[in-house]
Amino acid sequence: MSKTISINAGSSSLKWQLYNMPEEEVVAKGLIERIGIDNGISTVKFQGKSEQEVTDIPNHTVAVKILLEDLLRLHIIDNYSEITGVGHRVVAGGEIFKESTVIGEKEIQLIEELSALAPLHNPAHVAAMRAFQEVLPKVTNVAVFDTAFHTSMPAVAYRYPIANRYYEDYQVRKYGAHGTSHQYVAQEAAKLLGRPLEDTKIITCHIGNGASITAVKGGKSVDTSMGLTPLGGIMMGTRSGDLDPAIIPFLIDREPELADAEKLRNVFNRESGLLGISGTSSDMRDIISAWEAGDEHAKLAFDMYVDRVKKYIGQYIAVLNGVDAIVFTAGVGENSDTFREAVIKDLTCFGLELDPAKNVFGVSGDISTADAKVKVFVIPTDEELCIARDVERLKK
């Protein structure tokens with residue numbers, strides 16, 4: 001029985017899931033944290049058990065070796081020949097990669113060159129790819145791009161209103177992200193609606209530390225909130241989301257050190273969003289707890305976050321000329337009933353209405369009232385399964 005590993009690499013982490021394929025059976029999953037930081041942590045979950053080890057993990061190559069050694073040590077596999085495919089989530093494929101692709105050194109170099117479009121992500125993806133090539137050189141590696149699902153957007157949605165030459169010379173346009181998640185939950189929502197995907201209008205809300213909203217018509221992305229990079233769109237955990245561009249020269253005039261592009265990127269990518277407004281945390285659970293304890297900064301952070309999500313839902317209802325369902329997924333979207341209630345309560349004019357008895361922690365499925373004209377669903381995303389499916393489709 002062949003096995004496929006789905007990989008989601010971050011700058012200091014590596015999340016993985018091992019499948020028996022084509023049965024799509026989860027064999028084991030894990031998370032390696034604090035890569036390049038003292039006291040790294042590797043956690044493996046399998047057969048109802050959880051194993052954890054604390055050790056120094058200086059780079060992604062060592063992380064991959066630990067992952068593979070754990071599979072043997074814990075008798076999850078008998079030998080490496082059982083692994084026939086590795087799928088890598090890649091945030092930015094630019095205009096080069098419009099679908100999942102088998103990768104070699106040429107493709108890895110191109111993905112690395114696209115790092116300007118996802119500076120917090122693509123370098124980590126490349127590190128993981130090279131690590132797997134070093135440790136398992138004969139195994140098929142496949143890159144699955146967050147941006148691929150959004151290549152169906154029309155030019156009216158993906159172009160920015162700046163001079164043509166910036167698009168023609170540098171491909172400055174909207175690319176979006178989280179495409180694998182948006183595609184998966186839209187397909188699942190169509191099943192819950194009991195209608196062909198081609199016959200649906202769905203707004204998918206992937207709300208985690210990074211967050212994006214997509215208008216999906218007939219199963220295809222027609223607009224999405226993230227832009228040239230994952231910084232655009234709604235307010236997020238540490239990212240600002242959409243800003244007046246004039247803020248950039250305004251700040252540089254007053255703090256000249258921000259003329260350093262890396263420092264400016266850091267401000268908007270790592271010091272903004274929920275963290276920037278609350279002053280304490282980027283985690284929605286912390287924000288809600290602090291707000292309930294009377295912290296006004298936390299309350300403002302929560303209210304601003306909800307406000308931005310509502311605005312995008314409203315504009316995408318206009319883009320779609322109506323909507324059949326709103327879908328919440330990812331960490332906050334799946335787990336925060338408080339957040340979902342706050343978003344939907346002021347959208348009743350569109351036929352949205354939550355059932356408080358259904359909108360609870362841990363729910364999955366329909367959380368709207370029986371007579372709501374537009375359904376609201378909570379659908380756990382499964383990007384790892386989508387990645388494994390593409391590996392199975394493309395591997396030799």
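The side chains of R130 and E105 form a salt bridge, N to O at 2.7 Å (a side-chain nitrogen of Lys or Arg within 4 Å of a carboxyl oxygen of Asp or Glu). The pair ties together distant parts of the chain: R130 sits in helix α3 (residues 122-135) and E105 in helix α2 (residues 105-113), 25 residues apart. Helices (H or I, at least four residues) and strands (E, at least two) are DSSP runs, numbered from the N terminus. This is a predicted model: local features need pLDDT of at least 70, side-chain atom pairs count only at pLDDT 80 or more, and totals for chains, interfaces and linings use all residues. Residues are numbered from 1 along each chain as its sequence is written, and side-chain values use heavy atoms, with hydrogens and water left out.

**Salt bridges**
- The count comes to 21 salt bridges.
- E105, E112 and R130 are linked in a network of them.
- R130 is partly exposed at 30% relative accessible area, and E105 is partly exposed at 34% (buried means under 20%, exposed over 50%, partly exposed in between; 1.4 Å probe, protein chains only).
- K3 and E82 pair through their side chains at 2.9 Å, N to O.
- K3 lies in strand β1 (residues 2-9), while E82 lies in the loop between α1 (60-73) and β6 (83-90), 79 residues apart.
- K3 is buried at 8% relative accessibility, and E82 is buried at 16%.
- D307 and K311 also form a salt bridge, 2.9 Å from N to O.
- Both D307 and K311 lie in helix α11, four residues apart, about one turn of the helix.
- D307 is partly exposed at 23%.

**Nonpolar cores**
- The largest nonpolar core has 60 residues, of which I203, I207 and F339 touch the most other members (a core is a set of buried Ala, Val, Leu, Ile, Met, Phe, Trp, Tyr and Cys residues joined through side-chain atoms within 4.5 Å).
- Helix α11 (residues 296-320) gives the most to this core, with twelve residues.
- Another core lies apart from it, with 29 residues, including I5, I7, I66 and A128.
- Beyond its neighbours within four places in sequence, I203 contacts residues including I213, Y316, L320 and V327 (contact means heavy atoms within 4.5 Å).

**Backbone**
- M21 and P22 are joined by a cis peptide bond, with omega about 10 degrees.
- P22 falls in the loop between β2 (13-21) and β3 (25-33).
- Q171 is not a glycine, yet has a positive phi of about 55 degrees.
- Q171 lies in the loop between α5 (164-170) and α6 (179-193), and is partly exposed at 31%.
- A330, also not a glycine, has a positive phi of about 75 degrees.
- A330 belongs to helix α12 (residues 330-335) and is buried at 7%.
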